[in-house]
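Work through the exercises below with the sequence and the structure side by side, trying each task before reading its solution.

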Amino acid sequence: MAIPVAVQPSMCSHSGMEEPKEAQLAPRGAPVGRRIVLGMIGLGALGIVFGRTASQAVNSTVATAAPGLSGVLPGTGGFRIYTVTNGYPEYNADKYRLTVTGLVSTPLSLSLADLTELPQTGMTKDFQCVTGWRVDDVPWSGVLLSDVLNAAGADLTAEALRFTSFDGAYTESLTMEQGLRPDILVATTMFGQPLAEEHGAPVRLYVAPMYGYKSLKWLSGIEVGQKVVPGYWEERGYAVDAWVGESNGMTDEPIT
Amino acid sequence: MNQSPEPTTILRFTAAERWTHRTLGILMGVLLITAAVLYLPGASAVIGYRPLMRNTHIIAGFLLPIPIIVACFFWAFRQDLRRLNRFSPNDWKWLRTRKRRNGEIPVGKFNAGQKLNSAFVLGSIIVLLGTGLVMYFNRFFPDDIRTGSTFVHDWLAILVAIATAGHMWMAYGDATARKGMLTGSVPVEWAEKEHDEWANEVRS
């Protein structure tokens, strides 16, 4: 009974044969289960080493061959969508306002039309997430943050900028010195299209030289103040000065 | 030689095996649901709450090996591991034929499909735990290792979701097997039909 290789059906009925207990427990057959487990560990290690190349290949294949799959497969659209509240916050394009307050000579409440009347700036730069993924050469456009600050007559000697989102939870911060850089955008388009809901429609911040969490989505408020207040993710352990490749213990290539 | 009446049910899983399965199942469920919310763009949109989902996922991930380690202290579980590990020539035959359910090929306590599934799940848990640790302690690893780990973690998770769905589908189709995992015992007739070699072994 212990080693039935080609058992006849009749042998499968109750035979009443007594076998020593050990016979049941002796190894029978090849240890295929162990080989599968070890093989998977080996494949997993290979995947970790070659995964960066493989994921780029998979992402570009899916993007060109089956763009519809990007919505259901992780990371294949290049971007991963993170929200800190329940779903995407809703907005009404007619009622949307971006307020600029604090140490400014003219507090502003900008509609989407007002934003299009300010000087428009475009830039094509990468988006690098602190969790490791990067999307190369994203075309962005909108109004330079420095142009918005100048339009409000912001006190440029003030220390800090605080950004709030109409999702009610997401906040971000920059120093005034950082905010005046020419690669920080109040962005209204991406890839030549109005911002999609998941990318922060209708207006988001794009802080090119810093990790993605600084690029606050669903932007609704800019406040000029004297003290940097750490934002949502910074309260959860991420660096306030989030330079790509020089913060959060990461060595990514800087975005220039 | 045995004059007492034949038992109508036989023990398939001890309490230790059932609790191992139960806790692993719950943790796997939590991990798959939170994973879907974290990484499938559609689900992120509907549910969101990224920090809560992330923390739940991480805690469940760290807990996942514990039921397996605890189970290894139980003889019955170690016996199951041994049975799941070994493939007999009959197992290969069983996998190759479409007539695997007609009872011609003897099947032990676990059929070859169950053996493959358990090996795949154990391998997956180890790889997902390893890549998950790289992602959690990301500051100690270079970028390409982090990206590679994310890649492996994402795609293996999709395969695990498919395997889990298949496992649940097979269980959905066999109420007796489900009852066996719930109560521990199965009717002798069921054992003779689905796992004849094991039924003989238990009664001999």
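Two residues are in contact if their C-beta atoms, placed from the backbone, lie within 7 Å. The coordinates in these exercises belong to a predicted model, which scores ipTM 0.87 and pTM 0.69.

**Exercise 1. The two chains in outline**

Task: Describe the secondary structure of chain A and of chain B, and state what percentage of contacts between residues at least 6 apart in sequence join residues at least 24 apart in each chain.

Solution: Begin with chain A, where five helices and ten strands are found. Buried residues account for 34% of its 256 residues, and 59% of the contacts in chain A between residues at least 6 apart in sequence join residues at least 24 apart.

Of the 204 residues in chain B, 32% are buried, and among its contacts between residues at least 6 apart in sequence, 66% link residues at least 24 apart.

Finally, consider the confidence in chain B, whose average pLDDT is 89, with 95% of the residues scoring at least 70. Among the elements of chain B, the lowest mean pLDDT, 69, belongs to helix 2 (residues 41–46), while the highest, 96, belongs to helix 4 (residues 65–71). Where pLDDT is low, the predicted coordinates should not be read in detail.

**Exercise 2. The largest nonpolar core**

Task: Find which residues of the largest nonpolar core touch the most other members, and which element gives the largest share of this core.

Solution: First look at the members, of which there are 42; those that touch the most others are V148(A), L185(A), V186(A) and L219(A). Next, trace the elements of chain A that contribute two or more residues to this core: strand 1 (98–102), strand 4 (134–144), helix 4 (145–151), strand 5 (160–165), strand 7 (184–190), strand 9 (204–207) and strand 10 (219–225). The largest share, five residues, is given by strand 7 of chain A.

Then take V186(A) as an example: leaving aside neighbours within four places in sequence, V186(A) is in contact with G142(A), V143(A), L145(A), V148(A), V203(A), L205(A) and L219(A). Another core lies apart from this one and has 20 residues, including M40(A), Y39(B), V152(B) and V160(B).

**Exercise 3. Two packed helices**

Task: Describe how helix 1 of chain B packs with helix 3 of chain B, giving the angle and the distance between their axes.

Solution: Two packed helices are described by the angle between their axes and the distance between the axes. For helix 1 (residues 15–39) and helix 3 (residues 50–63) of chain B, the angle is about 145° and the axes are 9 Å apart. The crossing of these two helices of chain B is left-handed.

The next step is to list the residues that meet: helix 1 of chain B brings L27(B), V30(B), L31(B), T34(B), A35(B), V37(B) and L38(B), and helix 3 of chain B brings R50(B), M53(B), R54(B), T56(B), H57(B), A60(B), G61(B) and L63(B). Sorted by class, this contact between helix 1 and helix 3 of chain B holds nine nonpolar, four polar and two charged residues.

**Exercise 4. Backbone exceptions in chain A**

Task: Locate the cis peptide bond between A201(A) and P202(A), and explain why D137(A) and F191(A) count as exposed.

Solution: Most residues other than glycine have a negative phi, and most peptide bonds are trans. The cis bond joins A201(A) to P202(A), with omega about 5°, and P202(A) sits in the loop between strand 8 (193–194) and strand 9 of chain A.

D137(A), in strand 4 of chain A, has a positive phi near 50°; D137(A) counts as exposed because it has 8 C-beta neighbours inside 10 Å. F191(A), in the loop between strand 7 and strand 8 of chain A, has a positive phi near 50°, and F191(A) counts as exposed because it has 12 C-beta neighbours inside 10 Å.

Definitions and conventions:
Residues numbered from 1 in each chain as written. Chains lettered and ligands numbered in written order. Predicted model: local features only at pLDDT ≥ 70, side-chain atom pairs only at ≥ 80, totals over all residues. Core = buried A, V, L, I, M, F, W, Y, C linked by C-beta atoms within 7 Å. Helix = DSSP H or I, 4+ residues; strand = E, 2+ residues; numbered from the N terminus. Axes fitted to C-alpha atoms, helices over the stretch in contact; angles between N-to-C directions. Left-handed = near helix turned anticlockwise from the far one by under 90°. Nonpolar A, V, L, I, M, F, W, Y, C, P; charged D, E, K, R; others polar. pLDDT = per-residue confidence, 0-100.
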